[in-house]
Structures are given as structure tokens and as C-alpha cells.
Amino acid sequence: MTKLKAVLNTTGYLNRINFPQRASVDLETLHTLHEYHVLSIPFENLDIQNKIEIRLEKKHLFKKIVENVRGGFCYELNYLFSSLLLDLGFDVTLISARIFDGEEVGPEFDHMALIIKLGKKNWLADVGFGDLFTKPLDIETAAEQFDGRNYFKIKRWEKGSFLLTMSKNGVEYEKKYLFKTKRKAIEDFSAQCAFKQYTPASYFVKNIIVTLPIENGRKTIFNSKYIVKENGAKTELTINSKKEEACILKKEFNIQINAVTDQA
């Protein structure tokens, strides 16, 4: 595999996610990297809202997410995470997923996720969904898997696909997405990435989203609301101005508003 040290400062990336130990190519390290990444780097679409082009280039993404202390959406976060894993020596595959909206399922390349092969096992990784699992999932077991917050099941689906479902209580499961394990190139995601950032009908064009899990819940900016869910309780604050929004971004997500318009 081609190393990416010319693009990534691995130590800087590990510091960005507050990684607490020496990185090795093993399941414990993979779990910790994944969890700390999800807990440290928000899912956010501020560049789309500010009409700044999403560029799926590793050097650009490293500057944005690591150096400028930003977040991103699925293509950005999972692609950059794959680069870190490759640099550390993991066997990583970019895959396409199709997200469910009720019973309707999206198109191919609707979402990007990762498969990491460790020994004879394959693990599903995804640090770019917004609200999903915090630790990688074993794709070769039909058993229920718990990440400390939610329950997940993966089962074989039609046409060689796998179905990922999620439950808050371990009883009622919601379909999240379909995926196949076939390797994809970053260029394969270009059309859908462009659609999501430029098309007026795109969910990411129509809505502001910034979200990050916390110890016992999640904090989120969704349009004009700042929402905190913690220990089963939910609070909402109306955001009345861009100044208020900028204060919340800085205090709660460590995002400075001037970084939003910083293009590499």
C-alpha cells in the first residue's frame, strides 16, 4: 500500500482526535481510533451553507479538518479517516452505501463508509454519518452489537448487499443503510458529492447541521436551534443571530467562524 506521509501529519491527526495511546494495527487500536474520531470531530455542513466547494483531496481535507479544527460530512470524514488508517498500516477499503429514508433507499454512492480487514475478519467503520455507531461493527455476524449507546444488527440483503439497522432500545430496529464490500475509488463519489452540495433539493443545502456526541447524549445545531440531549432529557435553545451561532460553534464545537471561510 502507498503510504500517505507526504499528505498526512499522522501525529497531528492523532492529536486532533485526542488519541491516548500508541497506535498498532490491531482491533483495540481500531476501536479506539474510531471512537475518539467520532467524539472529537463534528459532522457538519458549514462549507455547503457558505457555498465553499467540498474538495475530496487529502491535503485539502487535512488542512480543513485537522489544522483548521473543522468537521465535515461523510465523504470528507471517512475519506480522511481512511488515509489515517492506511498510514498506520491498516487494510482499508472505501465502499458505497445507500441511505434509507423510511422505506425508500437512496442511490449508489449516497454515502461513503469503510471496510477494514483485520486477519480473517472485516469491520464496518463510519465516522461520517452524523449519529451512528461509535465503534466499528463486525459485518460477519448477525448477532446484535452494542457500542455503549445504541444497538446494531448487520444482515445479508438482496443482490449481495448488507443491511445495517440501529435500535435505541434493542427491540425496535430502524433501517440505516445498504452497503456492499466492493472497493470503490474516491472519484466514484464525485457526482453525489456535487449533488449534495449544489442541488437546491439537497438536505445539506436546505439545512444547517453541526452535531457531536457527548458522554451521555449529543449536542446539535440544526438550522436555528441548538439542541442538547443528555441522560434522556432534551433542551432546545433558539439561535437568534449569526453572532449567537458563532459563539455556540466556538464554545460547544471548537469551530471558529473565520475558519468556515478559510479555503486551502
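Author: β12 and strand β13 (residues 225–230) pair in the antiparallel sense over six bridges, where strands are DSSP runs of E with at least two residues, helices are runs of H or I with at least four residues, and both are numbered from the N terminus; two strands count as paired if DSSP finds at least two bridges between them. This is a predicted model, in which local features need pLDDT of at least 70 and side-chain atom pairs count only at pLDDT 80 or more, while totals for chains, interfaces and linings use all residues. Residues are numbered from 1 along each chain as its sequence is written, and side-chain values use heavy atoms, with hydrogens and water left out.

Within this pairing, Arg 218 has Lys 229 of β13 as its bridge partner. The hairpin of β12 and β13 has two residues between the strands, and Asn 223 there takes a positive phi near 55 degrees. Strand β12 (residues 217–222) also pairs with strand β11 (residues 209–214), again in the antiparallel sense and over six bridges. Five of the six residues of β12 are buried, so the strand is mostly covered, buried meaning under 20% relative accessible area, exposed over 50% and partly exposed in between, with a 1.4 Å probe and protein chains only.

Turning to the packing elsewhere, the largest nonpolar core has 43 residues, and those with the most contacts inside it are Tyr 13, Leu 33, Leu 85 and Ile 116; such a core is a set of buried Ala, Val, Leu, Ile, Met, Phe, Trp, Tyr and Cys residues joined through side-chain atoms within 4.5 Å. Elements that give two or more residues to this core include α1, α2 (27–40), α5 (74–88) and β4 (111–118), and the largest share, nine residues, comes from α5. Leu 33 touches, among others, Leu 14, Phe 81, Leu 85 and Phe 90, not counting residues up to four places away in sequence, contact meaning heavy atoms within 4.5 Å. Apart from this core lies another, of 17 residues, among them Ile 95, Ala 113, Phe 129 and Phe 162.

Thr 10 belongs to helix α1 (residues 10–16) and is buried, with a relative accessible area of 15%. Thr 10 touches Leu 84, Asp 87 and Leu 88, with the same exclusion of residues up to four places away in sequence. The C-alpha atoms of Thr 10 and Asp 87 are separated by 7.5 Å, although the two residues are 77 residues apart along the chain.
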